[in-house]
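Please look at the sequence and the model below.

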Amino acid sequence: PKNLEEKLGFEQIREILKENCMSSLGIEFVEKIRFSHNFELIEKLCNQTLEFATILRKQISFPQQNYINVNQHLHNAKIEGTYLDESSFFDIKLSLKTIVECLRFLKQNQEDFPTLSELRKNVDFEKSILSELERVIDDKGKMKSNASPTLAMIRSNIVNRQSNLRKQ
């Protein structure tokens with residue numbers, strides 16, 4: 001029936017799932033969950049769930065932080081004449097690092113978690129972006145002085161002038 005989700009109390013299950021999500025990305029995914037008649041899809045999703053439950057149960061080290069929704073940052077970057085600030089670049093850097101860690105985990109454990117490892121095939125990004133972000137953004141989310149020669153010169157001038165002011 002059309003009201004099957006309502007009859008089964010699926011909205012309550014959805015709310016419990018959302019309460020346990022680590023980020024807004026998970027919440028968005030849970031909101032999209034719908035019943036399906038596709039047996040192969042259901043089987044695949046059940047196997048993924050079983051494999052991830054095994055990861056949790058055995059307390060296997062899986063990346064558990066920085067699941068940041070950077071969609072707004074990426075949308076803003078597409079708009080000509082706009083720029084991203086340090087915090088946006090930092091969010092993107094952290095998010096990409098988490099993706100790399102997840103991909104590495106799935107590659108190293110593909111025999112133990114074959115259904116989850118299949119997800120790796122759908123992920124593709126330019127790895128040089130992360131390298132470049134690591135080159136210019138430090139671990140505290142600040143632009144490194146050596147990000148560009150001009151920035152290095154400006155920051156050096158600021159330090160020199162501050163030093164001169166202190167002396168005076």
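Helices are DSSP runs of H or I with at least four residues, and strands are runs of E with at least two, numbered from the N terminus. Phe-52 sits in helix α4, and Gln-48 belongs to helix α4 too, which covers residues 39-57. This is a predicted model, in which local features need pLDDT of at least 70, side-chain atom pairs count only at pLDDT 80 or more, and totals for chains, interfaces and linings use all residues. Residues are numbered from 1 along each chain as its sequence is written, and side-chain values use heavy atoms, leaving out hydrogens and water.

Gln-48 counts as buried because its relative accessibility is 13%; buried means under 20% relative accessible area, exposed over 50%, and partly exposed in between, with a 1.4 Å probe and protein chains only. Phe-52, at 29%, is partly exposed.

Contact means heavy atoms within 4.5 Å. Apart from neighbours within four places in sequence, Gln-48 is in contact with Thr-115, Leu-116 and Leu-119. With residues up to four places away not counted, Phe-52 touches Phe-62 and Leu-116. Phe-52 also lies 8.1 Å from Phe-113, C-alpha to C-alpha, although 61 residues separate the two in sequence.

Now to the second largest pocket. Its lining consists of Val-100, Leu-103, Arg-104, Lys-107, Arg-120, Lys-127 and Leu-130. A pocket is an open set of points on a 1 Å grid over the protein atoms alone, where a 1.4 Å probe fits, with protein on both sides within 12 Å along at least five of seven lines; lining residues have an atom within 4 Å of a point. Helix α6 gives the largest share of this lining, 4 residues.
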